[in-house]
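Student: I would like to go through this structure by question and answer. Please keep to what can be read from the coordinates.

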Amino acid sequence: MDDSQSFAPLQGVRILSLALNLPGPAALWRCAGMGAQCRKLEPLSSASKDGGGGADPMQLYCPQAYGQMHEGITVLQADLKTEAGQASLHAQLAQTDVLLTSFRPSALKKLGMDWAVLQQRHPRLSLVRVVGSEGALADVPGHDLTYQAEAGLVHSTQLPPSLFADMAGALMASEAVLQAVLVSSRSGRGVFREVGLAQAAQWLALPWHWGLTQPTGDVGGGHAGYRIYPCADGMVAVAALEPHFAQRLCEAADLLFRHPSDMHKPEIHTGVAQFLAALNCKQLMQLAQERDIPLHALPSAH
């Protein structure tokens, strides 16, 4: 038996998700990977009110992501605004340990699923609620981009390269499921956890606010051994941060290294840049292997 089969901390835990788009499904996907029995209840699409298909927007604008996140997930459909849909929901909840949602609290309340009601009707059920922002701002609309901007992660008119708030929120939501299962197993009653995507972005932004990734920081460009440089046929990401790696880089570039603080000197930055600019990606990867220097070369796209 391999590790993925033997290490399943959520084995036997039954999770029902109502969460759409990215953070909730990604969290459910991770829980399935930890052995949970995962089901998802989607609303009916406008084109299939007879029950022919669900209405998760991700299925429309990125079928690849939807397909990958729903591998091994049992997907059901119901209109929760109808009596039949509510009956189907509560039949599922009676067989559920953790409910995962991504609706705004006001929407959950309209559907009869605020925490107080759920706790009264299903006392052993835990709720993990993914929202835009925890607490008083939970009903304020937003998306990954606005949460990243609020956290200080947007520094130009270029869009961020990934949906960092959503993906960090998914990690926090799967962590909240683990927390809920652990605490509930001790008390015998369900617990409530709220995960804010804004707070997830703020967590990711801490290195910036600490100064680590700001331009003068060691991992923001101030250290010559931790930068992205152009090379002969592309660019190279160099991460020679620790003194022994920095020393090896300087030795390869025929630069004098006496103290870790040398890596902040302009002449070291210039010397490293000139050395790397003369090498192609193949030579750089060979250098990394021979000298044990952490770097990764990226050829230019043609």
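Predicted model: local features only at pLDDT ≥ 70, side-chain atom pairs only at ≥ 80, totals over all residues.

Student: Which residues of helix α14 are buried, and on how wide an arc do they fall?

Tutor: Helix α14 covers residues 281-291, and its buried residues are C281, L284, L287 and A288. In general, an α-helix has 3.6 residues a turn, so residues three or four places apart point the same way. Seen down the axis of α14, the buried residues line one face, because they fall within an arc of 115°.

Student: Which exposed residues does the face of α14 turned away from the buried side carry?

Tutor: The buried residues of α14 pack against β7, β8, α12, α13 and β9. The face turned away from that buried side carries the exposed residues K282, Q289 and E290.

Student: What contact is found at the start of α14, and which residue follows the helix?

Tutor: At the start of α14, the backbone nitrogen of K282 has a side-chain oxygen of N280 within 3.2 Å. At the other end, the helix is followed by a residue with a positive phi, near 55°: D292.

Student: Is L159 buried or exposed?

Tutor: L159 lies in the loop between α8 and α9. Together with L145 and V154, L159 makes a nonpolar surface patch of about 260 Å². Exposed means over 50% relative accessible area. L159 has 65%, so this residue is exposed.

Student: How far apart in space are E71 and A32, C-alpha to C-alpha?

Tutor: E71 lies in the loop between α4 and β3, and counts as exposed at 54% relative accessibility. E71 and A32 are 39 residues apart in sequence, while their C-alpha atoms are separated in space by 8.8 Å.

Terms used:
Residues numbered from 1 in each chain as written. Heavy atoms only, no water. Helix = DSSP H or I, 4+ residues; strand = E, 2+ residues; numbered from the N terminus. Buried < 20%, exposed > 50% of the residue type's maximum accessible area, 1.4 Å probe, protein only. Patch = residues over 30% accessible without salt bridge, like charges linked within 9 Å, V, L, I, M, F, W, Y side chains within 5 Å. Areas by Shrake-Rupley, 256 points an atom, 1.4 Å probe, with all protein chains shown as cover. Salt bridge = Lys/Arg side-chain N within 4 Å of Asp/Glu carboxyl O. Arc of directions from axis to C-beta. Contact = heavy atoms within 4.5 Å. Polar contact = N/O pair within 3.5 Å; in protein donor to acceptor, adjacent residues only side chain to side chain.
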